[in-house]
Amino acid sequence: MGRIESTFEQLKRDGRTGLVMYLSVGFPNLAETPALVEAAIAGGASIIELGVPFSDPLADGATIQRANQVALEHGVTMTDCIALARQLRAHGVTTPLVLMGYYNTWLNYGLERWCADAAAAGVDGAIIVDLPPEEAAAALAATRAKSLDLVFLLAPTSGDERIAAVGKLASGFIYCVSLAGVTGARSELPATLPEFLATVRRHTTLPLAVGFGISQAEHVTAVGKLAEAAVVGSALTQVIEQAPEGGRAAAVRAFVAGLRG
């Protein structure tokens with residue numbers, strides 16, 4: 001049993017909703033990122049998504065785009081993201097680490113090379129935002145060979161055929177996008193979310209993590225009635241963006257702890 005599966009098993013035993021926290025690697029700078037990750041874990045994060053900076057995102061809203069642009073200006077690459085995972089493991093971090101980004105960065109690095117290096121560094125899986133199941137054969141073969149989870153995304157616009165395909169291929173968990181749109185903190189969850197998640201449930205026994213728009217403890221509570229985990233990215237990025245230098249880690253820890261209500 002890998003770290004992701006065992007984490008969800010423990011959450012189920014504890015009767016708790018998972019918190020999947022996204023941090024852009026290299027924002028506000030690469031040197032500070034490890035401390036921010038560890039602060040999120042100390043605040044109660046169940047899984048960490050390490051965002052791989054990319055210049056032409058499809059699903060990121062303005063907040064994540066700004067963070068990734070800062071990271072790119074610092075010269076952060078996929079190599080740095082893998083090195084960060086290795087550093088975190090060396091510091092004793094046992095929380096699941098998943099790299100999240102866009103397929104071009106994986107292809108540029110090389111799929112087999114990435115899987116070998118990521119597994120050796122202690123990475124648990126990948127979320128490749130723009131990789132549909134129909135085009136995923138190579139990535140699936142490479143990740144499975146190194147016992148890495150490949151997490152797919154589903155949206156409210158996904159049809160039954162697409163949902164069924166993802167249900168057969170995914171591992172770790174399924175990332176359910178709560179709305180038709182880009183990332184960004186919002187005031188309320190869409191009314192169509194329960195129906196969407198019920199449809200996904202019919203095609204998988206994997207845990208479901210709901211993301212896009214989640215920013216408050218009330219959102220996490222609501223998601224917890226429908227899914228195993230809530231994903232928070234833009235709201236956390238805003239906390240980092242607004243916190244004073246020297247106070248970012250404390251702000252991250254307090255924010256994540258606050259999400260648990």
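Q: Which loop holds Phe212?
A: Phe212 sits in the loop between strand E8 (208-211) and helix H10 (217-224). Keep in mind that this is a predicted model.

Q: Is Phe212 buried or exposed?
A: Buried means under 20% relative accessible area. Phe212 has 6% relative accessibility, so it counts as buried.

Q: Where is Ser147, and what is its phi?
A: Ser147 is in the loop between helix H7 (137-145) and strand E5 (149-151). Its phi is positive too, about 60 degrees, although Ser147 is not a glycine. Exposed means over 50% relative accessible area. Ser147 reaches 67%, so it counts as exposed.

Q: Which residues does the cis peptide bond join?
A: The general idea is that most peptide bonds are trans. Here, Phe27 and Pro28 are joined by a cis bond, with omega about 0 degrees. Pro28 belongs to the loop between E1 and H2.

Q: What does Arg248 touch?
A: Pro28 is one of its contacts. Arg248 itself lies in helix H12. Its relative accessibility is 13%, so it counts as buried.

Q: Which residues of H11 are buried, and what do they pack against?
A: In helix H11 (residues 234-242), the buried residues are Ser234, Ala235, Leu236, Thr237, Val239 and Ile240. They pack against strand E1 (18-24), helix H2 (33-43), helix H3 (62-73), strand E9 (229-232) and helix H12 (248-259).

Q: How do I read the faces of a helix? Take H8: which residues are buried?
A: Look down the axis and see where the buried residues point. In H8 (residues 160-169), Ile163, Val166 and Gly167 are buried. They fall within an arc of 105 degrees, so they line one face of the helix. Glu161 and Lys168 are exposed, on the face turned away from the buried side. The cover over the buried residues includes strand E6 (153-154), strand E7 (174-177) and helix H9 (193-201).

Q: Which residues of H6 are buried?
A: Leu111, Trp114, Cys115, Ala118 and Ala121 are buried in H6. Their arc is only 135 degrees around the axis, which puts them on the same side of H6. The face turned away from the buried side carries exposed Glu112 and Ala120. The buried residues pack against H4, strand E3 (97-101), helix H5 (103-109), strand E4 (125-128) and H7. After H6 comes Gly122, with a positive phi near 100 degrees.

Q: At what angle do the axes of H4 and H6 cross?
A: Angles under 35 degrees count as roughly parallel. The axes of H4 (residues 78-90) and H6 (residues 111-121) cross at roughly 25 degrees and come within 8 Å. H4 and H6 are therefore roughly parallel to each other.

Q: Which residues of H4 and H6 meet?
A: H4 brings Met78, Ile82, Ala85, Arg86 and Arg89. H6 brings Trp114, Asp117, Ala118 and Ala121. By class, this contact has six nonpolar, three charged and no polar residues.

Q: How many residues has the largest nonpolar core?
A: It has 71 residues. Those with the most contacts inside it are Met21, Ile48, Leu99, Trp106, Trp114 and Phe255. H4 gives the largest share of this core, six residues. A second, separate core has 23 residues, including Phe8, Phe54, Val151 and Val177.

Q: What does Leu99 touch?
A: Its contacts include Met78, Cys81, Ile82, Trp106 and Trp114. Also among them are Leu50, Val52, Val123 and Ile127.

Q: Last one: where is Val223, and what is it in contact with?
A: Val223 is in helix H10. Its relative accessible area is 1%, so it is buried. Leaving aside neighbours within four places in sequence, Val223 contacts Leu189, Val210, Ile214, Ala229 and Ala230. Val223 and Ala120 are 34 Å apart in space, C-alpha to C-alpha, and 103 residues apart in sequence.

Definitions and conventions. Residues numbered from 1 in each chain as written. Predicted model: local features only at pLDDT ≥ 70, side-chain atom pairs only at ≥ 80, totals over all residues. Heavy atoms only, no water. Axes fitted to C-alpha atoms, helices over the stretch in contact; angles between N-to-C directions. Helix = DSSP H or I, 4+ residues; strand = E, 2+ residues; numbered from the N terminus. Parallel < 35°, antiparallel > 145°, perpendicular 65-115°, else oblique. Contact = heavy atoms within 4.5 Å. Nonpolar A, V, L, I, M, F, W, Y, C, P; charged D, E, K, R; others polar. Buried < 20%, exposed > 50% of the residue type's maximum accessible area, 1.4 Å probe, protein only. Arc of directions from axis to C-beta. Core = buried A, V, L, I, M, F, W, Y, C linked by side-chain atoms within 4.5 Å.
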